[in-house]
Amino acid sequence: MDFLDLPACSHAEGTVRLPGSKSISNRVLLLAALADGVTEVRDLLDSDDTRHMLAALKTLGVGVEDRGDNHWRITGVGGAFPVKQAELFLGNAGTAFRPLTAALALSGGDYVLKGVARMHERPIGDLVDALKQLGAQVDYLGNPGYPPLHVHPARLAGDRAQVRGNVSSQFLTGLLMALPLRRMATTVEVVGELISKPYIGITLAMLRRFGVDVAQDGWAGFTVAADARYKTPGEIYVEGDASSASYFLAAGAIGGGPVRVEGVGADSVQGDVRFADALALMGARIAMGPNWIEARAPESGRLKAIDLDCNHIPDAAMTLAVAALFADGTTTLTNIASWRVKETDRIAAMATELRKVGATVAEGADFIRITPPARLLPDAVIDTYDDHRMAMCLSLASLGGVPVRINDPGCVAKTFPTYFDAFARIVR
C-alpha cells in the first residue's frame, strides 16, 4: 500500500507476542553458518533483513533449510565459506552487510557486496580500515568509505587492529565475529568512546553460545584466541525484539494500559529492555518478569519530560522522541549521533515529522529536543523514509486522539511485517 490511515484513538490495552530480535537473528545465522555442526534456530525473525542474510549464506555454500514456523536448520561450514566467488545483494540490512564484509574479507575469496542506494550512503570505511590492518584486501566500487565493495583474498598480517567506536557498533561486531577465521590471536582496540555498548554485549553473548570467549580490556580492547572455533550449541531460541517492544510499551504508557509484551524481560541479553527504565523516568508504571514487560500510564495520566543520555538504547530512544509528544515539558535526548547513519538520518527525519503534528523541535549533531503542542495537529501525513522505525514510532501519534496517515507502511517488513496488525489489536 502507498499509505495507511490510522484512526484517532486514545486508549491502548492488551498483550503482544514480539517477533524475534533482528540483532540476534542475523548474528545467530552468521555464527551458525561459520560453526562446526548443525544448528536448529527457532523463533527466527521473518523479515527483509533476515531474508537477505539467509539468501547470502545459501549463495556462499551454507546449508540452509526452512523447517517452517520460524524454525531454520543451518548446516555450518566449520570455518571460512566454501564458495570463493560470489556477488551478494544485501538490501539495506546493516546487520547483514557489516558482519558479512568482515567474514568474507577473511575467507580467502573474491566477493562483491552491494545494497540499495541508502546502504551505499551508510559509512563502512572504519570497518574496512580495521580489516586492512589485518591484511584484508578491499576495494570501493563507488565512493571511498562506502559500499558497494569488492573483497579480494586477504594476505594475513598483523595481530592487532584499531577501530573507531563512535560511528557504529556494527563495525566492532563484524570484526569480533570474523576473527576466529584468522586462526591466530588477534586484538581489536577501540579508539574513542564505544557507542551502543549493549549491542556489543549481544555480540559477546552470542559468541559465547557458539563456544568462543572473548577476552576484554573493559570496552577498550577485545582479544580472540588463536584456537577459537565456532561450535554449534545444537539448538538456539531467538529472543523477542526489544526495540520493537518499545512501541507497545510506549502505547501503554500513553494510552492507559496495561500493555504487556512477551518475548523479552528481565532475563534478556538486549540492552533495549532498558527502554522500560526510561519510560519509568517519565512516570510510567512498569512491571517486569523473566520474559515479559508491562506498561501503564502514570497515576496522574500524563507523562513528564526527561533529559536523557540515550547511548545505551539508541534504537528504542526513537520511541522516546514520540512519547515526548505526550509529556509535560521539554524532552532532550542526547548522545544519539548514530541516528544519522542508520536507515535514514533519523535525527533530521524525526524532527521533520514531529513538527507535522505540532511539536517544537530543535536538533544538533547528537541530540534532539522536543516540546509538545497543547494539542496535536490532526491529519498529519507522515513520511517514513524507507525506515521501519520511523513508521512504527510515528504510529503512536494517533494515540493523541488525531487521525494520522503513514506513507509507505510496508517499510516495517524490515523487522516487523505484521506491526500494524498488532498495533490495531491494542488501541481503541
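Leaving out neighbours within four places in sequence, Ser21 has contacts (heavy atoms within 4.5 Å) with Leu45, Val238, Glu239, Gly240, Asp241 and Gln270. This is a predicted model, where local features need pLDDT of at least 70 and side-chain atom pairs count only at pLDDT 80 or more, while totals for chains, interfaces and linings use all residues. Residues are numbered from 1 along each chain as its sequence is written, and side-chain values use heavy atoms, without hydrogens and water.

Ser21 sits in the loop between strand E2 (12-17) and helix H1 (22-34); helices (H or I, at least four residues) and strands (E, at least two) are DSSP runs, numbered from the N terminus. Leu44 is 23 residues away from Ser21 in sequence, yet their C-alpha atoms are 7.7 Å apart in space. The backbone nitrogen of Ser23 lies 3.3 Å from a polar side-chain atom of Ser21.

Now to two more residues. Arg122 lies in the loop between strand E7 (110-114) and helix H4 (125-133), and among the residues it touches beyond four places in sequence are Gly94, Tyr146 and Glu343. Arg389 belongs to helix H11 (residues 388-395), with Asp241, Asp315 and Arg346 among its contacts beyond four places in sequence.

Here are their burial values; buried means under 20% relative accessible area, exposed over 50%, and partly exposed in between (1.4 Å probe, protein chains only).

| Residue | Relative accessible area | Class |
|---|---|---|
| Ser21 | 1% | buried |
| Arg122 | 2% | buried |
| Arg389 | 1% | buried |

Key:
Polar contact = N/O pair within 3.5 Å; in protein donor to acceptor, adjacent residues only side chain to side chain.
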